Amino acid sequence: MNVVDLIRKKRDGKALEKDEIELLISGYTKNKIPDYQFSAFLMSAYLRGMNSKETSYLTNAMLYSGIVLNLDSIPGVKIDKHSTGGVGDKTSLIIAPIAAAAGVKVPMISGRGLGHTGGTLDKLESIPGFRTNLSISEYKRILNKCGAVLIGQTKDIAPADKMIYALRDVTATVESIPLITSSIMSKKLAEGIDGLVLDVKTGNGAFMKKEKDAVALADSLISTAKAFNKKVIAFITNMDQPLGNYIGNWLEVYESILILKGEKRNDLYELCITLAGTMIFLGEKAKTQEQGESIAEELMSNGKAYQKFIEIVNAQGGDIGFIKNPEKYPKPSYKKVIKSSVNGYLKSVNTFELGMAAVELGAGRMKKEDKIDPKAGIIFNYKIGDKIKEGDVIAELFSDKKKSILHVEKRFNNLVEFSDKKIGPPKLIKKIIN
Ligand code: URA
């Protein structure tokens with residue numbers, strides 16, 4: 001078998017065999033297949049699709065590219081959550097401490113920004129000193145001590161996803177059900193979890209724009225989780241506008257602090273209660289999902305979830321001085337304020353382009369080697385259905401790059417649409433599948 005033959009086979013729409021997929025994954029992770037050949041394979045898989053057998057071979061090959069952790073020595077039910085990616089989606093930073101404060105163990109392996117969406121690792125690393133590259137023994141020690149730990153794929157855990165994820169980010173090969181399924185499940189199954197809550201996004205800021213595709217992705221993720229005997233519940237949630245109001249790495253940590261301290265209530269808060277409540281239920285700390293949600297609300301209002309966040313940040317080397325006094329965080333060189341030129345109701349947001357605008361400001365990568373600017377991003381003040389008057393501040397832009405901020409400012413008005421007529425807010429949670 002040679003790699004060119006395998007790329008050609010997929011390019012021509014034929015299904016690959018188990019050993020062929022294993023050869024591609026082990027060849028790439030051992031640096032025997034170069035980026036340009038693997039990119040060609042990814043694009044062929046993206047365009048031609050993969051059947052459920054190929055998807056499960058791919059997930060397995062990626063999972064066993066590294067080790068599968070055994071967390072039996074750590075007491076408690078281990079539950080994680082994963083989102084398929086959106087704009088302003090910072091739920092992991094909020095729900096991991098909530099679930100841990102409820103007594104659930106949360107071993108979380110996350111990814112970096114992907115395409116127009118942000119990534120949990122980049123957000124956490126915007127906290128000076130925060131380490132996401134822990135050794136396995138540190139990972140276990142912090143999980144046992146704090147109840148939650150948040151790391152990235154490593155050379156030992158899900159190394160294939162670490163490499164393929166970075167390549168997909170810059171080769172326009174993200175929005176594919178088999179590639180997303182294998183990416184998410186290879187990390188999640190390696191963590192040593194008992195159960196998983198899935199947040200599958202749909203809408204113009206999601207990888208799955210249509211609800212039926214999001215449901216198909218959820219089905220694919222659920223059947224993989226079940227094949228490995230994991231408890232699983234999936235939510236299909238709206239991504240037709242950013243989640244919360246802050247987009248960009250440190251900005252999202254800042255909004256998470258506000259939510260955890262009970263200083264802000266919005267759609268982000270609502271979704272966090274649902275997801276954390278479900279984790280608490282799957283983690284056997286509540287008899288029902290509703291009871292889990294009440295526990296989550298209580299842990300937010302009594303300050304225990306915020307305290308847990310501080311504990312986790314501290315344990316992973318982050319400077320908690322910036323969490324307690326966020327106003328001390330370095331400021332970006334440039335700021336621009338976008339004001340409304342009309343009176344009306346916010347009708348729609350081009351969420352994909354808003355995510356791309358944040359990338360352009362420095363919050364994401366255009367090339368693999370690009371460095372993230374943790375200060376860059378956008379505060380988007382309104383939600384669909386909100387009444388806006390002429391002169392109201394719709395958004396604030398932050399960047400160290402003058403040319404980029406001027407470019408985003410110039411085209412910002414094309415990203416939002418207004419209506420004269422009153423508009424209802426979109427439904428946040430569209431479906432639950434379990
Ligand atoms: N999240 C992941 O971990 N992988 C994907 O491919 C998309 C979202």
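**View 1. An open four-stranded sheet with the order β1-β4-β5-β13 and mixed pairing.** Strands β1 (79-83) and β13 (429-433) stand at the edges, each with a single partner strand, so one side of each lacks a neighbour in the sheet. From one strand to the next, the twist averages 15°, the axes being lines fitted to C-alpha atoms and the angles running from 0 to 180 degrees between N-to-C directions. β1 pairs with β4 (residues 195-202) in the parallel sense over five bridges, and D80 has L196 as its bridge partner in β4. Strands count as paired if DSSP finds at least two bridges between them; helices (H or I, at least four residues) and strands (E, at least two) are DSSP runs numbered from the N terminus. The model is predicted: local features require pLDDT of at least 70 and side-chain atom pairs pLDDT 80 or more, whereas totals for chains, interfaces and linings use all residues. Residues are numbered from 1 along each chain as its sequence is written, and side-chain values use heavy atoms, with hydrogens and water left out.

View 2. D161 counts as buried because its relative accessibility is 0%; buried denotes under 20% relative accessible area and exposed over 50%, with partly exposed in between (1.4 Å probe, protein chains only). Leaving out residues up to four places away in sequence, D161 touches M62, Q153, A166, S183, S186 and K187, contact being heavy atoms within 4.5 Å.

**View 3. The largest nonpolar core, with 116 residues.** Such a core is a set of buried Ala, Val, Leu, Ile, Met, Phe, Trp, Tyr and Cys residues joined through side-chain atoms within 4.5 Å. Those with the most contacts inside this core are I98, M300, I323, I378, F380 and F412. Helix α12 (residues 267-282) supplies the largest share, 10 residues. Beyond its neighbours within four places in sequence, I378 is in contact with residues including N245, Y246, L354, A395 and F412. Another core, of 22 residues, lies apart from this one and has V3, I33, M50 and A61 among its members.
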